[in-house]
Amino acid sequence: MDRFSDLDRQFHLALFEGVGMGNVHAMLQRKLGSILRCQRLDLPSPGKLQEIVAGHKDILDRIEAADPEGAAGAMRAHLSGSISRVSALRNKFPDYFVAED
């Protein structure tokens, strides 16, 4: 899981650097602790690794096809995965989250 997480971060960094926004990636890494925690909690879920790889492939295929709208949509779908599961992860791992007011 650690190796996969490292490769996933490298993939995202390569995309940011590819469009000249490596500094934005660094800023996001410092600000998105909760999302990164959710990703770590969610990664061992059955099929999650395959889902991530399929999302990466879809993004790359659309970039390669010079389809910016499709690439943006694929990126949105890929990034929304962990965000959409925050509630379920919060219920499953309550000790990893601060109680909401």
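**Helix packing and an aromatic pair**

Helix α1 (residues 2-18) packs against helix α2 (residues 22-31) at an angle of about 140°, and their axes lie 7 Å apart, where axes are lines fitted to C-alpha atoms over the stretch in contact and angles run from 0 to 180 degrees between N-to-C directions. That makes α1 oblique to α2, because angles under 35 degrees count as roughly parallel, over 145 as roughly antiparallel, 65 to 115 as roughly perpendicular and the rest as oblique. This is a predicted model, in which local features need pLDDT of at least 70 and side-chain atom pairs count only at pLDDT 80 or more. Residues are numbered from 1 along each chain, and side-chain values use heavy atoms, without hydrogens and water.

On the α1 side the contact (heavy atoms within 4.5 Å) involves Arg9, His12, Leu13, Phe16 and Glu17, which meet Gly22, Val24, His25, Leu28 and Gln29 of α2.

A second pairing joins helix α4 (residues 48-64) and helix α5 (residues 68-84), whose axes are 8 Å apart at an angle of about 160°; α4 and α5 are therefore roughly antiparallel to each other. Here Lys48, Ile52, Gly55, His56, Asp58, Ile59, Arg62 and Ile63 of α4 touch Gly70, Ala71, Ala74, Met75, His78 and Ser82 of α5.

Phe93 and Tyr96 form an aromatic pair, with 6.0 Å from centre to centre and 80° between the planes, which is edge-to-face (ring centres within 6.5 Å; planes under 30 degrees apart count as stacked, over 60 as edge-to-face and the rest as tilted). Phe93 is partly exposed at 21% relative accessibility, and Tyr96 is likewise partly exposed at 49%, since buried means under 20% relative accessible area, exposed over 50% and partly exposed in between, with a 1.4 Å probe and protein chains only.

Terms used. Helix = DSSP H or I, 4+ residues; strand = E, 2+ residues; numbered from the N terminus.
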